[in-house]
Amino acid sequence: AVITEDALQQPTLFSSDERLTKAASDANALLKADFNLKLADTVVAEVNADQIADWMRLQDDASVAIDSDLVAAWVQDIASECNTYQARRTFTRDDGKNVTVSGGVYGWIVDKSKLQETVMNGVNAAQTGDVPIPCEQEAGAFDGLHGRDWGKRYLDIDLAEQYARFYDETGALVWESPIVSGTPNGSHDTPTGVYWLNQKASPSKLKGTNLDGSKYESTVQYWMPFVGNVIGLHDADWQSSFGGSRYRDGAGSHGCVNLPPYKAAELYGIIQAGDVVVSHW
């Protein structure tokens with residue numbers, strides 16, 4: 001068989017087509033956007049001409065458009081790099097101890113649909129400057145997916161040392177105390193993770209169940225919960241001493257962090273609802 005020119009597919013778009021001139025102009029307009037996406041004070045991504053060019057496609061009608069599927073995939077990558085909620089964090093405490101902590105309810109959660117909308121609108125509007133990433137949940141800082149994502153002010157509960165420390169807005173250690181944490185039996189362990197202090201109450205009545213199934217009820221003067229309204233810090237005048245190995249030698253709590261009464265009173269006067277609480281080994 002002989003293939004003639006009549007059998008060849010003929011071009012439908014020629015270099016002289018005015019639509020191409022308009023497409024080039026529209027493309028150049030889209031490339032003018034140049035903005036930074038930030039979490040807290042940290043730039044985590046840039047939307048510039050190079051990035052936009054990767055998303056740009058020439059449509060069948062010779063118009064230029066940003067491929068929303070490509071932007072969605074890019075947004076998913078950004079979210080995966082930024083969602084610190086329940087992620088493992090490693091940081092160096094002020095006294096030099098290296099700490100790794102996972103879990104909890106604190107952390108960044110990127111709102112992917114709103115971020116995609118923000119990016120698309122920013123490109124179309126030739127956005128410049130800094131743009132905050134829309135989030136379903138925010139944190140206080142960002143230092144990478146596995147870095148510290150809270151500020152200088154926080155409460156550190158060290159279960160290995162059986163010791164708690166509170167640092168103020170400047171990072172200064174303003175309160176510290178030995179503690180007795182939960183009995184390490186699988187059901188009364190003190191949870192680890194990064195949390196917020198949920199509230200404060202003085203006094204408060206604590207209720208729960210012992211290992212043998214019996215109920216207990218205790219009134220405390222200073223209640224500072226960080227896991228729902230179930231696990232928190234409080235005064236424990238029934239403890240004869242604090243710190244050391246008491247938590248695993250029969251004096252452990254039902255999961256709460258027991259404090260000497262006068263230390264609980266001091267902390268109650270300092271800590272506020274919304275302060276970050278980091279519980280770790």
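Is Q162 buried or exposed, and what is its relative accessible area? Q162 is buried, at a relative accessible area of 0%. The views below come from a predicted model, in which local features need pLDDT of at least 70, side-chain atom pairs count only at pLDDT 80 or more, and totals for chains, interfaces and linings use all residues. Residues are numbered from 1 along each chain as its sequence is written, and side-chain values use heavy atoms, with hydrogens and water left out.

**View 1. Q162 has a positive phi.** Phi is near 55° in this residue, which is not a glycine. Q162 sits in the loop between β10 (154-158) and β11 (163-167). Strands (E, at least two residues) and helices (H or I, at least four) are DSSP runs, numbered from the N terminus. Buried means under 20% relative accessible area, exposed over 50%, and partly exposed in between (1.4 Å probe, protein chains only).

**View 2. A126 also has a positive phi.** The value is about 55°, although A126 is not a glycine. Its loop runs between α4 (112-124) and β8 (128-132). A126 counts as partly exposed, at 32% relative accessibility.

**View 3. A cis peptide bond joins S202 to P203.** Omega is near 0°. P203 lies in the loop between β13 (193-196) and β14 (204-209).

**View 4. One cavity of 30 Å³ or more is present in the structure.** A cavity is a set of points, on a 1 Å grid over the protein atoms alone, where a 1.4 Å probe fits but cannot get out. Grid points are joined across faces, edges and corners, and a volume is the space filled by probe spheres set on the points. The largest cavity holds about 30 Å³. Its lining is L159, S181, G182, P184, D189, T190 and W281; lining residues have an atom within 4 Å of a point. Three of these residues are nonpolar, three polar and one charged. Here Ala, Val, Leu, Ile, Met, Phe, Trp, Tyr, Cys and Pro count as nonpolar, Asp, Glu, Lys and Arg as charged, and the others, Gly among them, as polar.

**View 5. Three strands make an open, mixed sheet.** The order is β16-β17-β18. β16 (223-227) and β18 (257-259) are the edge strands, each pairing on one side only. Twist averages 15° from one strand to the next, with axes fitted as lines to C-alpha atoms and angles running from 0 to 180 degrees between N-to-C directions. Two strands pair if DSSP finds at least two bridges between them. β17 (residues 231-235) pairs with β18 in the parallel sense, over three bridges. H234 has N258 of β18 as its bridge partner.

How values were computed
1 Å grid on protein atoms, 1.4 Å probe; cavity = no way out; pocket = protein on both sides within 12 Å on 5 of 7 lines; lining within 4 Å.
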